[in-house]
Amino acid sequence: MKQMNFKILGGVVTYNPEIPRFKENLKTLVNQVDKLYVFDNGSKNIEDIESVLNHYSDNIILCKKKKNIGIAYALKSIMDYANKNRFNWVLSVDQDSVLDSKLVSEYKKCIRNYSNDDIGMLTCLIKDRNFKDSSAEKQEEQLKEVPICITSAAFTNVKNYFSTVGYDSNLFIDLVDTDICLTLREKNFKIFRINYLGIYHEIGHGENKKILWKDVIVHNSSTFREYYMARNSIILQKKHPRLYPRKTMLNGLALNFLIITLFENKKLKRLSNFFRGIKDGRR
């Protein structure tokens with residue numbers, strides 16, 4: 001029988017968040033979920049985080065770690081908590097994202113109008129504060145199947161998630177969202193995007209650039225992430241050879257190399273991490 005009453009857990013992973021943005025995030029999040037689980041990855045400003053959380057109801061769980069053990073482990077922990085406490089859906093939100101106040105209502109409406117029980121994850125249209133990505137900001141269909149989605153604003157079906165091996169803690173950070181989407185699809189669950197602008201998001205301090213005729217996004221993220229982007233691209237290709245073929249991986253690595261070389265700062269450090277990631281991924 002199809003589930004019509006949803007018990008929803010909100011999940012946020014924090015790591016040295018900008019407190020004003022974190023407050024803005026919580027303002028729209030806490031009213032849309034039944035309980036909020038905050039997983040802190042060793043933030044230096046943990047006292048500020050606790051102070052912010054104390055202004056809200058006691059319906060918030062804070063799990064504190066002494067060091068950064070990765071986004072993948074944190075998301076896996078959030079899903080485990082949801083399963084043990086019988087939540088039906090998990091709304092995961094990045095610490096620097098701000099949700100539309102009606103997003104969960106739109107997700108519920110979609111689920112109630114959908115006849116099958118094969119939804120692995122829902123996502124929505126996304127507006128990035130720094131740059132324009134037309135593919136993520138508009139669509140004609142009310143419900144569109146997509147190959148992958150980002151973690152922020154993802155609405156994950158707990159039951160269907162636990163039909164898979166779940167998040168891969170070994171990935172640590174970067175491509176964690178791609179991996180879980182591919183994992184769900186390999187179990188014949190679907191990733192759908194609703195036709196609703198539900199989140200204002202920010203990845204690093206990104207900007208639009210162009211390589212010849214191709215539009216690209218330069219994220220200007222931390223230099224250490226170049227290692228994980230490269231390493232995890234290769235790991236994903238090994239894990240998901242059908243859905244993430246070798247050609248896709250090579251094209252992605254080549255594009256990242258060009259973006260670093262042409263546009264990023266601290267090029268030598270980034271390239272060093274990039275090639276070290278390739279080496280470790282192959283090994």
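View 1. F275 is found in helix α10 (residues 267-282), where helices are DSSP runs of H or I with at least four residues, strands are runs of E with at least two, and both are numbered from the N terminus. Together with F257, L258 and L262, F275 forms a nonpolar patch on the surface, with about 360 Å² of accessible area for the four together. Patches are made of residues with over 30% relative accessible area and no salt bridge, like charges being joined within 9 Å and nonpolar side chains (Val, Leu, Ile, Met, Phe, Trp, Tyr) within 5 Å; the areas come from the Shrake-Rupley method with a 1.4 Å probe, and for residues only the protein chains shown count as cover. Helix α9 (residues 246-262) gives the most to this patch, with three residues.

The model is predicted, so local features need pLDDT of at least 70 and side-chain atom pairs count only at pLDDT 80 or more, while totals for chains, interfaces and linings use all residues. Residues are numbered from 1 along each chain as its sequence is written, and side-chain values use heavy atoms, with hydrogens and water left out.

View 2. Leaving out residues up to four places away in sequence, Y167 touches, among others, L75, M79, M121, T151 and I180, contact meaning heavy atoms within 4.5 Å. T151 lies in the loop between β7 (143-145) and β8 (154-157) and is buried at 13% relative accessibility; with the neighbours within four places again set aside, T151 is in contact with L75, S92, Y167 and D177.

**View 3. Salt bridges of R270.** A salt bridge is a side-chain nitrogen of Lys or Arg within 4 Å of a carboxyl oxygen of Asp or Glu, and a search of the whole structure finds 11 of them. E226 forms one with R270, the closest N and O atoms being 2.8 Å apart; this pair links distant parts of the chain, with E226 in helix α8 and R270 in helix α10, 44 residues apart. The side chains of R270 and E264 also meet in a salt bridge, at 3.7 Å from N to O. R270 is buried at 2% relative accessibility, E226 is buried at 7%, and E264 is buried at 6%.

**View 4. The cysteines C181 and C149.** A disulfide is a pair of cysteine sulfur atoms within 2.5 Å, and by this rule the count comes to zero. The sulfur of C181 is 3.9 Å from the closest cysteine sulfur, in C149, which is too far for a bond. C181 is buried, at 0% relative accessibility, and C63 likewise counts as buried, at 17%.

Definitions and conventions
Buried means under 20% relative accessible area, exposed over 50%, partly exposed in between (1.4 Å probe, protein chains only).
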